[in-house]
Amino acid sequence: EPLQAGDFFVAPGFPGHAVMLLDLAEDHSKRRIALVGQGFMPAEEVHVLRSRAAIDAVWFPLPEEAGESLATPSWEAFPRSSARRFP
């Protein structure tokens, strides 16, 4: 199922981590990209991730296929299979 704003990626373990898709768009070549947010523990405000590797420093290419990953600057890459959605 295609990823949507509000979906999140989870890295289980200790410590685990999660990032959330805040907004989605398409780049000039119709590739889907996402604005990604995260917080840390103890509970902190959520902030938008930035990376020099991202489009305009904030738009990350989405992992649409199995075997692809969402690369983030402050955590290991999240495989597409780690995507979750609240019912």
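Hi everyone, let's start with a term: a residue is buried under 20% relative accessible area, exposed over 50%, and partly exposed in between, using a 1.4 Å probe and protein chains only. What we have here is a predicted model, where local features need pLDDT of at least 70 and side-chain atom pairs count only at pLDDT 80 or more, while totals for chains, interfaces and linings use all residues. Residues are numbered from 1 along each chain as its sequence is written, and side-chain values use heavy atoms, with hydrogens and water left out.

Let's look at salt bridges. By that I mean a side-chain nitrogen of Lys or Arg within 4 Å of a carboxyl oxygen of Asp or Glu. How many does a search of the whole structure find? There are four.

One of them pairs arginine 31 with aspartate 27, at 2.9 Å from N to O. Aspartate 27 is buried, because its relative accessible area is 10%, whereas arginine 31, at 39%, is partly exposed.

Now please find arginine 85, which is partly exposed at 33% relative accessibility. Its side chain meets that of glutamate 1 in a salt bridge of 2.4 Å, N to O. Arginine 85 sits in the segment after strand E8 (83-84) and glutamate 1 in the segment before E1, so this pair ties together parts 84 residues apart in sequence. A quick word on those labels: strands (E, at least two residues) and helices (H or I, at least four) are DSSP runs, numbered from the N terminus.

Arginine 85 also forms a salt bridge with aspartate 7, with the closest N and O atoms 2.6 Å apart. Aspartate 7 too is in the segment before E1, so here the parts tied together are 78 residues apart in sequence. Through shared partners, Glu1, Asp7 and Arg85 join into one network.

On to the backbone. Most residues other than glycine have a negative phi, and most peptide bonds are trans. Where do we see a cis one? The bond from phenylalanine 14 to proline 15 is cis, with omega near 0 degrees, and proline 15 is in the loop between E1 and strand E2 (17-26).

Lysine 30 has a positive phi, near 70 degrees; this residue lies in the loop between E2 and strand E3 (32-38) and is exposed at 62%. Aspartate 56 also has a positive phi, about 50 degrees. That aspartate belongs to the loop between strand E4 (47-48) and strand E5 (59-61), and at 67% aspartate 56 is exposed.
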